[in-house]
Every structure is written in structure tokens, then in C-alpha cells.
Amino acid sequence: MLQKREYWREYFSILQPERLPTGWKINPQKLLELLCFKYFWLGDTNHWKLYGDAREIGGQQSAIIALSILNEAALHGIKYHEPNEVYPIAIFYGKDARDNLEEDLGFQNSWLEKERNQGNGHIFYLCGDEMFLESALDGDNVLGPNTKQGWDIYHQQSVDDKNKTVNNLRSELDVTMDRHHGSNILNSVPLNRTVFCLLHAVARCVEKLLTLEVELITQEANKVAQLGMDASEYMKEKLVQASEAEYADTIYQLSDFIHMAGCRNLAFDFRKRPLLVKYLIRFFVVDRLSPALEQFEEGLTTLGVLREMKNFPDLMYKVFKPSEDNKITAQDIINMFVVERSAEGSNRHKKDAVTHVNFLDLLDNLEREGKLETFAWATGLTRLPILGFSEKPTLGFDHPEDLIGDEALRRGFPFANTCGLILRLPVLENEDEFMENMRSAVSFRLFTSS
């Protein structure tokens with residue numbers, strides 16, 4: 001616990017987190033200094049990537065701008081560099097739309113311009129998917145694949161120019177990178193260092209290929225399910241009733257099933273048709289399912305679970321397949337906590353009561369918004385345990401004057417310990433500040449935990 005508090009203190013003192021209009025940011029200059037210390041092998045000139053993207057963080061649609069080193073490792077004899085070492089500079093609510101980026105990313109230009117003027121050898125590239133880059137570059141809504149002039153962010157070309165190409169490749173136009181984006185939010189990074197994220201392009205291609213493959217598997221699975229349920233009728237219709245002239249075409253239609261059953265050597269001899277039908281039926285009705293069922297039963301028998309399932313089927317059904325009735329509600333959270341307030345009649349007791357009421361309002365709002373599952377960090381669960389809690393969680397209150405030393409770093413934010421089932425709420429004078437800090441803690445996991 002002491003080590004975590006030390007990390008928390010160092011984080012605040014070194015990276016200096018600050019609020020944005022809809023999120024949080026850290027000091028990018030301090031982060032850059034830390035990364036230069038971490039990557040000790042960097043030379044006099046270094047290339048950095050500013051990466052922007054929309055993400056879902058804590059169940060909330062959010063956007064990030066992050067910093068990472070480019071492929072400098074290979075240039076300095078370092079054999080391996082983790083590509084996932086991406087360090088967020090800012091995280092804020094909402095999508096990576098233009099209005100949201102304007103509100104939360106303006107601070108970037110000042111330190112980027114300062115780095116460029118100081119000549120410290122840091123070269124920055126702006127990277128992101130199409131939506132992020134178009135939102136950052138375009139304040140006039142002229143960019144986009146469906147616009148007349150916006151299909152290319154690097155050149156001022158029209159759709160007519162694109163139609164003149166043979167293969168729809170920009171390289172065929174033989175133009176220079178000269179397009180000017182006057183409303184570029186991050187204008188300290190020139191256009192010739194603005195790059196589309198290749199990982200997004202590859203991901204989209206893989207996503208499409210996987211979608212097609214899943215559709216194919218689903219189709220085959222439906223056929224297999226039909227075959228497994230009514231195999232004799234299926235075989236009678238497709239194989240037994242096929243004439244010798246139709247047999248080759250029927251085998252082609254069933255080729256996936258035949259390969260799956262390992263009966264290819266029987267498929268092309270019309271005289272072996274009865275044997276083929278026999279093995280196919282056996283495979284899909286018996287052999288295909290029995291190993292999985294036997295292994296499943298063996299696993300359930302290990303701790304006596306199968307025995308209990310047979311003795312108490314209704315109860316065990318609820319254990320293995322929770323219904324929506326088990327989904328946690330605001331009232332469940334209210335009932336699960338034992339509330340510990342200050343001495344009755346004291347001013348602190350009154351403040352505790354007000355904070356508790358604000359907490360109840362927050363739970364009610366989150367439930368109506370469909371975001372109550374984000375409160376999982378209070379218990380470690382999104383549904384009520386079937387057997388309940390061995391001991392009830394505790395709800396306490398943190399008064400600012402009680403938080404001294406390292407604990408002062410968490411003033412204004414909740415404190416959660418999922419192991420000890422403890423949740424402590426910050427006592428604040430302003431209700432709006434309480435709601436805002438609690439939502440930030442829930443969405444961005446800014447609560448502290450021992």
C-alpha cells in the first residue's frame with residue numbers, strides 16, 4: 001500500500017495532471033523528459049509519434065492523444081521495442097469529432113512549438129485513423145471520402161482528377177504534397193509529417209476477411225446443425241436418392257462435410273455410397289459430439305458439480321445461467337453497504353448525510369443512464385453473488401481535514417478497496433463537484449485502491 005501511495009505521489013508531482021473541459025491531461029513536456037530517460041539509447045535527433053484515436057474507456061466513449069517513440073530502436077542497435085508502449089497525454093469524453101478536439105487539444109500546440117523552436121532534436125509526427133485526422137485538420141467540413149474535394153488530405157484534388165487515374169492510386173496523379181489546412185488544430189506538425197495509421201488499415205482488412213470467414217463458418221455450422229439433428233433424412237435426400245449421374249454433383253455439394261468427417265477416400269466411388277452414408281451419419285450424430293460431452297462431464301465430476309446439477313437442477317441452472325434479475329441495481333448497491341457516519345449530532349455527521357444523499361442520487365442517475373455496471377470496482381462484480389457476501393461492504397466518508405501526508409493526494413476522489421470491500425466517499429461542499437469527481441473516478445478508474 002505504501003508503494004502504491006508513493007507511485008501516486010510521484011505521478012502527481014512529476015507528470016502534473018490537470019483538468020480539461022471534458023477530461024484530463026498530463027504535462028507533455030515532463031512525459032517527454034521521462035521517455036528520454038527511459039530510452040537511454042536515443043540519439044541527438046529523435047522521431048516521436050502523436051497518436052490520436054477514439055476509445056471506449058470505463059464504458060464511456062472517449063478520445064485520447066498519446067505519445068510514443070517511432071522505430072528508433074532498430075537505428076540504435078536495440079533488438080526489440082514493444083510497439084504497444086503508447087503513453088496517453090490527454091483523455092477526454094466524447095468521440096474524436098471536430099468540436100471535441102477543438103475543446104480539448106488546443107494545449108498541444110504550445111509545447112510542440114516550443115520544442116521546435118528550442119531545437120532539441122525532437123521531430124513529431126501526427127498519426128491516427130481517417131476520422132481523427134480529418135477532424136483535426138478540417139474545420140470547414142470539406143474533407144471526407146464522399147466530398148468533391150476531400151478524398152485526399154495531402155493534395156487539392158477533385159473527384160474528377162481521381163477518375164482520371166487507372167487504378168485509383170494517388171501516385172498516378174504525380175502531384176506534390178501541397179494542400180493547406182488553415183484550421184488544423186495541431187498546426188505545429190506539418191502536413192508532410194501527418195500519417196494515416198497503418199495498423200487501422202490492416203485491422204480493417206483483417207476485420208473484413210474475418211467477417212467473411214465467420215459468415216462462412218456460420219453457414220456451415222447451420223448445415224452441420226441440420227445434419228446432426230436429422231442426419232438420416234438429410235443423407236437419404238442428398239446421397240441415397242442421387243442417381244449415378246447426379247452423384248458427382250452431390251459429392252461436391254457435401255464436400256465440406258465429407259472432409260470434416262475424414263471420408264474423402266470413400267467419396268468418389270459410387271459403389272461405396274452406402275458405406276459413406278453410414279460413416280457420415282455416425283460422425284455427425286455420435287463421434288462429433290461425444291468427446292466434448294465426455295470431457296465436459298469429466299470436468300464437472302471432479303468437484304462433485306455434476307452430482308449437484310442432477311440433484312438440484314433448478315438451483316444450479318441459475319448458477320450457470322444468471323438471469324437479468326441478478327443484474328445489479330441501484331437499490332442493490334444501497335442495500336449491500338453498511339454506512340459508517342460520524343458521531344450523530346455533529347457537523348461532520350450532517351455533512352456525511354448530505355454526501356450520502358448525493359451518492360444515492362448518483363446511483364439513480366447511473367442506473368437510468370444504463371451505466372451502473374461501471375460501479376463494478378466497488379465490489380469486483382457486475383452482478384450480485386448467488387450466495388451473497390460473506391461480510392457486507394462498508395461505506396465511509398473522507399473529510400478533507402482528515403487526509404494528511406500522502407493521503408492528501410486523493411482529496412476530492414473516492415477510495416475503494418475491492419479486497420476489503422471498502423468504499424469511502426469524498427465529503428465536498430459543492431454537489432456538482434462531487435458528481436463530476438465521482439463520474440470521473442468511475443469512468444477513468446481514478447479512484448485509489450490499497
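This is a predicted model: local features need pLDDT of at least 70, side-chain atom pairs count only at pLDDT 80 or more; totals for chains, interfaces and linings use all residues.
## The seven-strand sheet

Let us begin with an open sheet of 7 strands. Reading across, the order is β1-β2-β5-β4-β3-β6-β7, and the pairing is mixed. Its edges are formed by β1 (18-19) and β7 (194-196), each of which pairs on one side only.

To find the spot in the model, look for Arg19, which stands opposite Trp24 in β2.

## Helices on the sheet

Two helices to look for here are α5 and α6. Helix α5 (residues 108-118) packs on the sheet and touches β3 (46-57), β4 (60-69), β5 (87-93) and β6 (122-128). The direction of α5 makes about 145 degrees with that of β6.

Helix α6 (residues 130-137) also packs on the sheet, where its contacts are β3, β4, β6 and β7. For α6, the angle to the direction of β6 is about 115 degrees.

## Strand β9 and its partners

One of its partners is strand β8 (residues 338-339), paired in the parallel sense over 2 bridges. Within that pairing, Val339 has Leu395 of β9 as its bridge partner. Strand β9 also pairs with β11, again in the parallel sense, over 5 bridges.

## A closer look at Asp398

Asp398 belongs to strand β9, and its place opposite Pro426 in β11 is a handy landmark. Is Asp398 buried or exposed? Asp398 counts as buried because its relative accessible area is 7%, which is under the 20% cut-off.

Which side chain does the side chain of Asp398 meet in a polar contact? The partner is the side chain of Arg424, at 2.7 Å. Leaving aside residues up to four places away in sequence, Asp398 touches Leu403, Arg410, Phe415, Arg424, Leu425, Pro426 and Val427.

## The annotated cysteine

The last stop is Cys419, which the UniProt record, an unreviewed entry, lists under "active site".

Cys419 counts as exposed because its relative accessibility is 74%, which is over the 50% cut-off. Asp398, by contrast, is buried.

Methods. Residues are numbered from 1 along each chain as its sequence is written. Side-chain values use heavy atoms; hydrogens and water are left out. UniProt positions are given in the numbering used here, feature names are shortened, and annotations may be inferred rather than shown by experiment. Buried means under 20% relative accessible area, exposed over 50%, partly exposed in between (1.4 Å probe, protein chains only). Two strands pair if DSSP finds at least two bridges between them. Helices (H or I, at least four residues) and strands (E, at least two) are DSSP runs, numbered from the N terminus. Contact means heavy atoms within 4.5 Å. Axes are lines fitted to C-alpha atoms, for helices over the stretch in contact, and angles run from 0 to 180 degrees between N-to-C directions. A polar contact is a pair of N or O atoms within 3.5 Å; within protein, one must be able to donate a hydrogen and the other to accept it, and residues adjacent in sequence count only if both atoms are side-chain atoms.
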